[in-house]
Amino acid sequence: AILNKLIQAEGFEKFLAVKFVGTKRFGIDGGESLIPALEQIIKRGGQLGVKEVKIGMPHRGRLNVLANLLQKSYKRMFNEFSGEFESNSDSTGDVKYHLGASSNREFDGNLVHISLSDNPSHLEAVNPVVLGQSRAKQFFHSDKKRQQVIPILIHGDAAFAGQGVVAECFAMSGLPGHNTGGTIHIIVNNQIGFTTNPRFARSSPYPSDLAKMVEAPILHVNGDDPEAVVHCARIAMDFRQKFNRDVVIDMICYRRFGHNEGDEPSFTQPLMYAKIKKHPRVSKIYREKLLANKLLDESLLDSIESEVKNHLDQQHQSVQTGKIQCINRNLEPGWDQVWEEDLQKRKTGVPLEVLDKVVSSISQLPETISFNKKMVKFTTARSESWNSDKVDWAFAEALCFGSLLLEKKRVRLSGQDSRRGTFSQRNLVLYSDQDGSEYIPLNHISDNQQDICVFNSMLSELAVLGFEYGFALGNPDTLVMWE
């Protein structure tokens, strides 16, 4: 099974190189063991109760992951290489190695939904978005133990060490408002960043050293040993499900060609690329190992390679040139309906009696809890302000939240000081001055309402924003805000 995935991964890259000469594809050449590793994660995850996997990754290897993990049609991908996209209102208009997809895979009778998020050129920016999407899907599945939906993030070595958002995501990984129950990180360690050697790219021995900040286990593995890579993938999944913590696989491999297929790497790394040119591909190394140990017959191996090659040829022969209709946005369930509504015609006002009800609830406090005297005055004064037609911004915001909650729309707000408000203007969450327990007035308007979730987040301006954006993508019935 491992060799089969290696042959598929390598065959796909070689086929693209021959049929679409000079076209950028950011191939996984040199790191093909990523494909059987991901396959193992999905398979083992299904055995351990995983229902959905969210993946975020950079350009390198994306097309291979789409083809050989998500099983996107080869024909569709060859069409994208051959033709021009015909843009429409639903398309992102983005290049093929930025686009995501989703599919269902079945292993051992366990169905797992896999989705690969779209990504921008900004390295690692997709990470917090995937984490937010995962948290939203966990809510959607009522997955309180965070065992059914897991995020997988794939990184380049230079980006993992160099991009601050990676550290922000680790710092966020254990926080109550942003915990996803652990992320599996895979570093495709090419030992180079575009043309920059590691000694100029980081101050630590390994790119993965950053993960030590949360004491995540780090598995260093040779990409030329696919059995070891798959074994690490299994360990990572088992660890994540048992301890609900982040885990890192540092797959040390190489990049067979340049940063993209039109690049000449020997300009800047002549010695490295002289070695790579002579170095056998991982499928050949593994094939020879299996033959030497008499685990597989050579004729069977030849037939696997021929089958892959023939299938690629058949798919390519049916390629149509010309304009290609873009696939609609990769929307989560529930967004289709929102997208079709005429939002311009929607009435957003609410009856006065609804606001009266909200005011009545949020201007009263339970007598069984003792609060700071200034907080009591702040809360009870709202009723008087309302009767005097004096409504400030924070009060209006609370009325807005309350009316949505009564309509059974969930509200999620996060930011560094969102609970109290930077200027002590909001005070959505009140604290007992006896035992520090929390009380949220907006969650006590009616017995038949939704709840507001307000989190004080870490002091981050990129990861938390990305997380909330991801949560919004995954949950169309929630008003999601980052402050």
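**Close-ups of a predicted model**

**View 1. Helix α2 is mostly covered, with 12 of its 14 residues buried.** Buried here means under 20% relative accessible area, with exposed over 50% and partly exposed in between (1.4 Å probe, protein chains only). Leu34, Ile35 and Arg44 are among the buried ones. Helices are DSSP runs (H or I, at least four residues), numbered from the N terminus. This is a predicted model, where local features need pLDDT of at least 70, side-chain atom pairs count only at pLDDT 80 or more, and totals for chains, interfaces and linings use all residues. Residues are numbered from 1 along each chain as its sequence is written, and side-chain values use heavy atoms, leaving out hydrogens and water.

**View 2. The whole structure holds 9 aromatic pairs.** Phe20 and Phe78 make a tilted pair, because their ring centres are 6.1 Å apart and their planes sit at 35°. Rings of Phe, Tyr and Trp (its six-membered ring) pair if their centres lie within 6.5 Å; planes under 30 degrees apart are stacked, over 60 edge-to-face, and the rest tilted. Phe20 is in the loop between α1 and α2 and Phe78 in helix α4, so the pair ties together parts 58 residues apart in sequence. Phe20 counts as buried at 10% relative accessibility, and so does Phe78 at 0%.

**View 3. Phe160 and Phe170 meet edge-to-face, with ring centres 5.9 Å apart and planes at 80°.** Phe160 belongs to helix α6 and Phe170 to helix α7.

**View 4. The charged end of Arg410 sits over the ring of Phe139, 3.8 Å from its centre.** That takes NZ of Lys or CZ of Arg within 6 Å of the ring centre and within 35 degrees of the ring normal.

Definitions and conventions. Helices (H or I, at least four residues) and strands (E, at least two) are DSSP runs, numbered from the N terminus.
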